[in-house]
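Here is a short report for a first look at this structure. Keep the sequence and the 3D view open as you read.

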Amino acid sequence: MAEYKKLLKIIQQAEDKDTFIKQLVEAVDIEDQQQQQEIIRQLDLKLSELKQNQPEQNESTLRQMHSARLSAMGQMAAAISHELRNPLSGIKVAAEYLMRKLKNHPDAVDIIINIQNEVIFANNIITNILEHARIGKPDPERVNIKRIIEEAIITIAQQGSFNNIEIKKNISSSLPDLDLDILQIKQVFMNVFINAAEAMVGGGLLTINVLTQGSMVIVEISDTGLGIEKNNLDKLFEPFFTTKVKGVGLGLAICKEIIENHCGKIDLESKPGKGTKFTISLPIVQDCLQKN
Amino acid sequence: MSKKNFSVLVVDDEPVLRETVKRILFDEGFNVFVAADGKSAIEVAKNQDLDAALLDIKLPDINGVEVFERIKVLRPNLKAVIMTAFEIKELVNRAFELGAFACLHKPFDIKKLLHILNEIKRENEQ
């Protein structure tokens, strides 16, 4: 017990390698001074050798691990989505069958509508999880961001989300092209536009400003909607945080990841009752894309 | 001689989906056959004069696109509608290259399926 306590003390109190090795060797019963010195020398060499063999957790290794984890997550997400969407399909079709048979029973119809809505909600969760897991390295093309914004507006408008909403665009005529993954960046704009539309339930104004400021391209998207409470503002980009009743909370987290993968930043300002403004800043020279 | 009812083969290993779709299509006046895997689907196609097939891409034995490929040989005029829970781009593209009529993403709206089948029926009658 005494030997055990002695050794434990040495290990716990060690502050530098040399003193640690010396104290450790002295704690062991080696009378011969020369042999003691040899053990100290060997321990020192061995510890240095072991440290060298351990891969350093440098940035590139961490990125590779993150990438591998994302890839495994992507595969898992794919498998889960398939497994869940099959029974969901069964439930949806069964609900439709019941609707046909019970359409003259209003109480039953109400419940069946609830079932159908829950299926849609569950499916949206799956879609969000898939999107989050699938975000990988951008596959960039040289493109003007104006084109992506216009495409996103058209897609959202076709879904009917912009009914009663006026859209004002102020897009600089001298925007430089950027290296952008078109699908991913379009997803960002669609997400922000949908949030804005949902905040302007009775109608409102959506303003889109796109300009160059120094070495950055800035996109400002403002709405005249409900606005967001101050204490929610810094949580908005966190995965699974949502203020919506039926929200999943991955939309803005996905947007943040996409913009950061493009070397940019996304911020927002908001005041309850006044509206919300998203600011997306992308550098004209996107160094991080080369490193990635 | 009375006109034969439009015949559809529903192929999916998910029993609730398969059997409920069968009931709905039957109520809509279609002649419906079902199969839970690729091999059974091909057997049905050998013995029945099918107008359309609703094929899940992922089946326990062979994938739905391969099933379509083999059924096409037996029934060249058959129209296929592919169902997919998770889009596997290469397979979906291959299905369309083979002449698939449409692709439905699960969970799909049964009204969409009915619309597609009625479209196929109209085309066949022209």
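## A bridge in chain B

B:Asp56 has B:Met83 of β4(B) as its bridge partner. This model is predicted. The bridge belongs to a parallel pairing: strand β3 (residues 52-56) of chain B and strand β4 (residues 79-84) of chain B share five bridges.

Helices pack on this sheet too. α1(B) touches β1 and β2 of chain B, and its direction makes about 170 degrees with that of β2(B). Helix α5 (residues 110-125) of chain B touches β1, β3, β4 and β5 of chain B. The direction of α5 makes about 170 degrees with that of β5(B).

## The sheet of chain B

What is the strand order of the open sheet in chain B? Its five strands follow the order β2-β1-β3-β4-β5, with parallel pairing. The edge strands are β2 and β5 (102-105) of chain B, and each pairs on one side only. On average, neighbouring strands are turned by 20 degrees against each other, direction ignored.

Strand β1 (residues 7-11) of chain B runs parallel to strand β2 (residues 31-35) of chain B, and five bridges join them. In this pairing, B:Ser7 stands opposite B:Asn31 of β2(B). From β1(B), the chain passes through helix α1 (residues 15-27) of chain B to reach β2(B). This β-α-β crossover is right-handed.

## Two helices side by side in chain B

Helix α3 (residues 64-74) of chain B and helix α4 (residues 89-98) of chain B have axes that come within 9 Å. The axes cross at roughly 15 degrees. The two helices, α3(B) and α4(B), are therefore roughly parallel to each other. The crossing of α3(B) past α4(B) is left-handed.

On α3(B), the contact residues are B:Val65, B:Phe68, B:Glu69 and B:Lys72. They meet B:Leu91, B:Arg94, B:Ala95 and B:Leu98 of α4(B). By class, this contact has five nonpolar, no polar and three charged residues.

## The sheet of chain A

Chain A has an open sheet of five strands in the order β2-β4-β5-β7-β6, and its pairing is mixed. β2 (165-171) and β6 (265-271) of chain A each have a single partner strand, so one side of each is left without a neighbour in the sheet. The twist averages 15 degrees from one strand to the next.

Strand β4 (residues 204-213) of chain A pairs with strand β5 (residues 216-223) of chain A in the antiparallel sense, over eight bridges. Here A:Leu206 stands opposite A:Asp223 of β5(A). Helix α7 (residues 182-199) of chain A lies across β2, β4, β5 and β7 (275-283) of chain A. α7 runs at about 20 degrees to β5(A).

## A helix pair in chain A

How do helices α1 and α2 of chain A cross? The axes of α1 (residues 2-13) and α2 (residues 17-27) of chain A come within 10 Å and cross at roughly 175 degrees. That makes α1(A) roughly antiparallel to α2(A).

A:Lys6, A:Leu7 and A:Ile10 of α1(A) make the contact with A:Gln23, A:Leu24 and A:Ala27 of α2(A). By class, the contact has four nonpolar, one polar and one charged residues.

## Where the chains touch

Chain B gives 14 residues to the contact, and chain A gives 16 residues. On the side of chain B that touches chain A, α1(B) gives the most, with six residues. By class, this side of chain B has nine nonpolar, one polar and four charged residues.

Conventions
Residues numbered from 1 in each chain as written. Chains lettered and ligands numbered in written order. Predicted model: local features only at pLDDT ≥ 70, side-chain atom pairs only at ≥ 80, totals over all residues. Axes fitted to C-alpha atoms, helices over the stretch in contact; angles between N-to-C directions. Helix = DSSP H or I, 4+ residues; strand = E, 2+ residues; numbered from the N terminus. Parallel < 35°, antiparallel > 145°, perpendicular 65-115°, else oblique. Contact = placed C-beta atoms within 7 Å. Nonpolar A, V, L, I, M, F, W, Y, C, P; charged D, E, K, R; others polar. Left-handed = near helix turned anticlockwise from the far one by under 90°. Pairing = 2+ DSSP bridges. Right-handed = clockwise from strand over helix to strand, strands pointing away.
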